[in-house]
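Please look through the structure below before reading on. The text then goes through its fold, its surface and its charged pairs.

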Amino acid sequence: MDFVINVIPDPLNFLVTIATTLVLFLVLRHFLFQPLSQFLEKRKQYIEGNLRDSEQKLLKAENMEKEYSSKLNEAKVEAKGIVEDARKNYSRILEEAKRDAHAEKTRILEKASQDADNIKSKAMAELKDDIIDIAIGAARDLSKQNIERKNAETFTSLKIEELSKTSWES
């Protein structure tokens, strides 16, 4: 078997090879390259769309973070104000309670003093009435006995002892 090497190509074989390559190219282009290009284009659009959505969501998240951060700072300031107001109210209420307690104490002491004065006046009036009754009774007893001065002193001492025993014991 000898191999023959032709440097000049066979024209028929050359044309058939070019024709089959051209037909293969057109078939592949129609059934493979166009669907593959369409698929790749759709994939590219999908990825770009996802990137745009991601960027928008990232911007939205950053904006929300700034908004929430500002709201948190506002809430902190408001909480600080509420605490400060509560402290002021506490001080005010404490002062009012002290004033009210002092006024109540003063009122109670004045009432107690008034009550003591009333009781004292009543006791003095009763004591005065008792002394008058005792003096009248002693005078009546003295007038009945018509006794002399010496007997009057003895009688008065006895009456005083008798009254001191009975008055204080009852």
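The paragraphs below start with the chain as a whole and end with single pairs of side chains.

This is a predicted model, in which local features need pLDDT of at least 70 and side-chain atom pairs count only at pLDDT 80 or more, while totals for chains, interfaces and linings use all residues. Residues are numbered from 1 along each chain as its sequence is written, and side-chain values use heavy atoms, with hydrogens and water left out.

The chain has two helices and zero strands; helices (H or I, at least four residues) and strands (E, at least two) are DSSP runs, numbered from the N terminus. Helix H1 covers residues 11-145. Of the 170 residues in the chain, 2% are buried. Here buried means under 20% relative accessible area, exposed means over 50%, and partly exposed lies in between (1.4 Å probe, protein chains only).

The accessible surface of the chain is about 16000 Å², and carbon and sulfur atoms account for 61% of that surface. Such areas come from the Shrake-Rupley method with a 1.4 Å probe, and for residues only the protein chains shown count as cover.

Two surface patches can be described. Patches consist of residues with over 30% relative accessible area and no salt bridge, where like charges are joined within 9 Å and nonpolar side chains (Val, Leu, Ile, Met, Phe, Trp, Tyr) within 5 Å. Leu22, Leu24, Phe25, Leu26, Leu28, Leu32 and Phe33 make a nonpolar patch of about 640 Å². Leu24 is located in helix H1. A negative patch is formed by Glu126, Asp129, Asp130 and Asp133, and Asp133 is placed in helix H1. The place of a charge is taken as NZ of Lys, CZ of Arg, CG of Asp or CD of Glu.

Side chains of opposite charge can pair when their charged atoms come close. A salt bridge is a side-chain nitrogen of Lys or Arg within 4 Å of a carboxyl oxygen of Asp or Glu, and by this rule there are four salt bridges.

One of them joins Glu67 and Lys71, at 3.2 Å from N to O. These two residues are about one helical turn apart, because they are four residues apart in helix H1. Glu67 is partly exposed at 39% relative accessible area, and Lys71 is partly exposed at 44%.

Another salt bridge links Arg107 to Glu104, with the closest N and O atoms 2.4 Å apart. Both lie in helix H1, three residues apart, about one turn of the helix. Arg107 is partly exposed at 42%, as is Glu104 at 36%.

Asp115 and Lys111 also meet in a salt bridge, at 3.4 Å from N to O. They lie four residues apart in helix H1, about one turn of the helix. Asp115 has a relative accessible area of 33% and Lys111 has 44%.

Note on methods: Lys and Arg count as positive and Asp and Glu as negative; His and the chain ends are not counted.
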